[in-house]
Amino acid sequence: MKTIFEKSNNVDGINVCGDDVVQTTAIAQEYLRETEIGLPQMSELEVLRHYKALSDRNFCVETGMYPLGSCTMKYNPKVNELLANLEGFTSLHPLQSDEESQGTLELMYNLQEQLKVITGMDAVTLQPAAGAHGEFTGMLIIKKYFEKLGETRKKVIVPDSAHGTNPASANMAGFEIVQVKSNAKGQVDIEDLKTLLDKDVAAIMMTNPNTVGIFEEQVLEISRLMHENGSLLYYDGANLNAVMGYTNPAIMGFDVCHINLHKTFSTPHGGGGPGAGPVGVVDRLKAFLPKPTIEFDGEKYYRNYDMPDSIGKVRSFYGNFGVLVRAYAYILMMGKNLKNASEDAVLNANYLKERLKRAYNIAYSEKCMHEFVINGEKQKESGASTLHIAKRLMDYEIHPPTVYFPLIVHEAIMIEPTESESKERLDRFAEVMLKIADEAETNPELVVSAPHNTPVKKVDETTAARRPDLRYTVEKENSNNGKKE
């Protein structure tokens with residue numbers, strides 16, 4: 001497909017600077033452009049057709065299934081978009097006074113209260129702009145807590161199956177990372193954990209269900225061990241979509257948690273953002289939350305800056321407010337049916353796992369929660385690796401699942417269908433995966449050379465990551481030597 005520069009045919013779409021326009025004198029002559037700006041020129045209709053054609057090449061959840069494990073790419077209801085674009089929200093300036101922002105503050109306060117119920121936490125901040133930002137905020141709160149106690153604890157324990165942001169966030173907050181092993185069930189190895197505990201351990205960071213899609217059966221024992229050591233527990237809320245209404249981080253014994261609104265509560269992930277990662281804490285940690293918190297005195301809502309022990313502000317203004325509106329709308333729309341979302345997500349994952357187990361190796365035999373991990377080692381023996389399988393899925397208009405994560409599973413393929421997908425979609429995904437497994441055995445070159453039907457065919461991922469080509473350079477004839485530049 002040609003770029004819009006290549007399609008340019010010197011036809012004016014909108015001409016705002018004809019010969020009859022009086023030239024401005026407000027700008028000094030030395031700053032006025034004397035050469036052509038170099039932008040393409042096309043009619044308005046041709047511009048629209050060009051960008052519509054480009055948009056048709058994009059893949060999104062409205063295009064097809066998006067089974068990215070650990071990402072919870074559920075459908076984003078369009079009513080949420082409508083509400084987030086209400087004039088009262090989009091036109092309000094973040095520097096307006098509390099008196100002029102009562103509707104906005106009320107929404108944020110109510111969302112905080114709802115997230116407190118869902119997580120079991122005693123206080124919530126909405127400031128963090130993403131899950132990893134929430135992790136970092138949580139780690140700063142834990143650090144401040146021990147400083148207030150007069151203790152200097154330097155270590156944070158992280159499972160070997162953890163999201164990569166966990167150790168990164170803890171390290172950014174100044175902690176040393178200690179890795180705890182997983183057992184044969186894919187869960188935290190309690191005996192290994194016991195050997196790591198000492199008075200230098202500030203916390204453990206855990207996801208439950210964990211990153212292999214298995215519920216940590218011994219989470220209460222882990223909580224007991226950590227608290228007896230004077231340590232805290234941090235809950236990575238990436239997989240909260242599996243347990244809403246059945247349990248929560250507080251019941252499991254966690255002290256701090258973050259919630260990915262762009263996962264569990266159906267707000268868009270965007271092009272890597274914006275998301276939102278609210279953080280909840282138990283009562284003894286709420287004094288350390290970022291300021292301001294949103295409070296209600298019985299008559300009006302206000303931003304409370306009177307927090308002497310706060311870790312400070314972690315995000316400008318209200319945070320990613322448009323995301324907060326969307327999440328609030330989703331929670332109100334679902335009500336007590338949030339529990340059903342978890343039920344359906346878990347059911348869908350187990351259904352797919354059962355359908356795929358005859359063709360692929362299942363990483364862990366335990367019943368999964370909302371996602372599960374298979375591996376492509378059987379297919380790799382025929383020459384088609386996990387990456388090749390992922391590329392082949394694109395030919396069937398299915399977005400590839402998460403691959404090569406978690407790192408403790410070789411040739412990992414991590415699948416999360418979410419509750420959004422119908423049985424018909426699940427069956428088609430299973431049939432395609434089974435067909436690819438058959439292709440890998442009977443015609444591996446077909447899989448290895450995939451994708452075949454996409455606008456961009458097979459690419460060199462290493463070169464694309466290290467030497468991205470992000471800028472189009474217009475070729476033009478050099479009048480001096482006839483060469484293109």
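Salt bridges, then: this structure, which is a predicted model, holds 24 of them. Side chains of opposite charge can pair when their charged atoms come close.

Start with K300, which forms a salt bridge with E99. The closest N and O atoms of that pair are 3.3 Å apart. K300 sits in the loop between β8, residues 293-296, and β9, residues 301-304, while E99 sits in the loop between α4, 87-90, and α5, 102-119, so the bridge ties together parts that are 201 residues apart in sequence. Are these two residues buried or exposed? K300 has a relative accessible area of 35%, so we call K300 partly exposed. E99 has 54%, and because exposed means over 50%, E99 counts as exposed.

The second pair is K155 with D198, where the closest N and O atoms are 3.0 Å apart. D198 is partly exposed, at 29% relative accessibility.

Third, D427 forms a salt bridge with R355, and here the closest N and O atoms are 3.0 Å apart. D427 is in helix α16 and R355 in helix α13, residues 338-356, so two helices are linked by residues 72 apart. D427 has a relative accessible area of 13%; buried means under 20%, so D427 is buried. R355, at 24%, is partly exposed.

Salt bridges can also share partners. That is the case for E221, R224 and E228, which are joined into one network.

Now the helix, α15, which covers residues 386-394. How many of its nine residues are buried? Seven are, so α15 is largely enclosed by the rest of the structure. The buried ones are T386, H388, I389, A390, K391, R392 and L393.

And what covers those buried residues? Among the covering elements are four helices: α14 at 377-380, α16 at 423-442, α17 at 444-448 and α18 at 461-466. The strands β12, residues 402-403, and β13, residues 412-415, also take part.

Note on methods: Residues numbered from 1 in each chain as written. Predicted model: local features only at pLDDT ≥ 70, side-chain atom pairs only at ≥ 80, totals over all residues. Heavy atoms only, no water. Buried < 20%, exposed > 50% of the residue type's maximum accessible area, 1.4 Å probe, protein only. Contact = heavy atoms within 4.5 Å. Salt bridge = Lys/Arg side-chain N within 4 Å of Asp/Glu carboxyl O.
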